[in-house]
Amino acid sequence: MTHSQILGTGAYAPKRVLTNRDLEEMVATTDEWIASRTGIKERRIAAEGEDTSDMAVVAARHALAMAGCRAEDLDMIIVGTISADMPLPSCAVLVQAKLGATRAFAFDISAACSGSLFALSIADRFIETGAARRVLVIGAELLSRLVDWSDRNTCVLFGDAAGAMVLGPTSDPARGLLSFHLHTDGTAADILNIPGGGSRHPQSAEVLAANMHKVHMNGREIYKYAVRVLPAAIQEALDANGLDVSAIDHVVSHQANARIVESVLERVGVPIEKCWLNLDRYGNTSSASLPISLDEANRAGRLKPGDLIAMMAIGAGMAWGSALMRW
Ligand SMILES: CC(C)(COP(=O)(O)OP(=O)(O)OC[C@H]1O[C@@H](n2cnc3c(N)ncnc32)[C@H](O)[C@@H]1OP(=O)(O)O)[C@@H](O)C(=O)NCCC(=O)NCCS
């Protein structure tokens, strides 16, 4: 059967750097608290007038250039995002127009920090069935406009960025995306959400006054949840492919907190050196986190043909999963 493989990767982060020291001037926090609790030292903040689709397009152009693919050749564009330019239409249609990807149909996936992993699984299925030959998957997130900058529990964690991947078919059964294991637990919807601005609490003066249009989070519960379910998701992927954990050459992970990644990998039995970590520079960039990590590892020459890459992500929902890929 035809597999899908990643032909090109790209990333973009806005120029403006907001350091932990800068945050000390804004809320009651310290560089020491943020760095020791999360591993984050700084994050990027989008410029005024810079939208999610603008970041997505820059990342996409890099990925297309690496893949040697023209925008006009794309069959499909999927953007994983919960911070689209506007509630309607999707971010993906704006990306399609800006790229001039005239043949591609385009839509967003709402799976929070797992958005790009979930989107990747859809791209893989379309390619596997022959329904698409060139697919652009993007994770793009502009969370700096969705966090409450007076809430130290959340504002220190997130950053803005976009990552992109171009996929196409391969007839080599030993290469490409091998499996996806995706999960959702909607009973945990209240531990990370934006409660206002939707159909339950439409935008209103009351919603704004109560900050219901901003990210609300129970960090401790998310932490416990992540370190419980992610090791199982990696193990599930290994079992499904008849592989031992020692076969993993690299881990490319959504990065919300360095301690979560360290704890998960310790439980699975993968040395942390196998994981490309960059949240010290970007913070939690949600759906962008996984593709920007893949792009950095790729451009650093870290990924060799035939290497086994384990991917994992978790986000609001809760929604999480793993994928295995032979580079
Ligand atoms: C948010 C997180 C870093 C908090 O770390 P923690 O060790 O669990 O810290 P706690 O929640 O126990 O808070 C400890 C104290 O620090 C305080 N605190 C919270 N944010 C702070 C900040 N930025 N600076 C200083 N103190 C802070 C809390 O108010 C609390 O004070 P209290 O004990 O007086 O109430 C951690 O729980 C985490 O990363 N969770 C996962 C979040 C996540 O991944 N979200 C996105 C999902 S994709």
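Biologist: Where does Cys 113 lie?
Modeller: In this predicted model, where local features need pLDDT of at least 70, side-chain atom pairs count only at pLDDT 80 or more, and totals for chains, interfaces and linings use all residues, Cys 113 lies in the loop between strand S5 (105–109) and helix H5 (115–128). Helices (H or I, at least four residues) and strands (E, at least two) are DSSP runs numbered from the N terminus, residues are numbered from 1 along each chain as its sequence is written, and side-chain values use heavy atoms, with hydrogens and water left out.

Biologist: Is Cys 113 buried or exposed?
Modeller: Cys 113 counts as buried because its relative accessibility is 7%, where buried means under 20% relative accessible area, exposed over 50% and partly exposed in between (1.4 Å probe, protein chains only).

Biologist: And what does Cys 113 touch?
Modeller: Leaving aside residues up to four places away in sequence, its contacts (heavy atoms within 4.5 Å) include His 254, Asn 284 and Gly 315.

Biologist: Which residues does UniProt place in the "active site"?
Modeller: The unreviewed UniProt entry gives Cys 113, His 254 and Asn 284, in the numbering used here, with feature names shortened and annotations that may be inferred rather than shown by experiment. They are spread over 172 residues of sequence, yet they cluster in space, with a largest C-alpha distance of 8.7 Å.

Biologist: Switching to His 254, where is its place?
Modeller: His 254 sits in the loop between strand S11 (250–253) and helix H9 (258–268), and His 254 is buried, with a relative accessible area of 5%.
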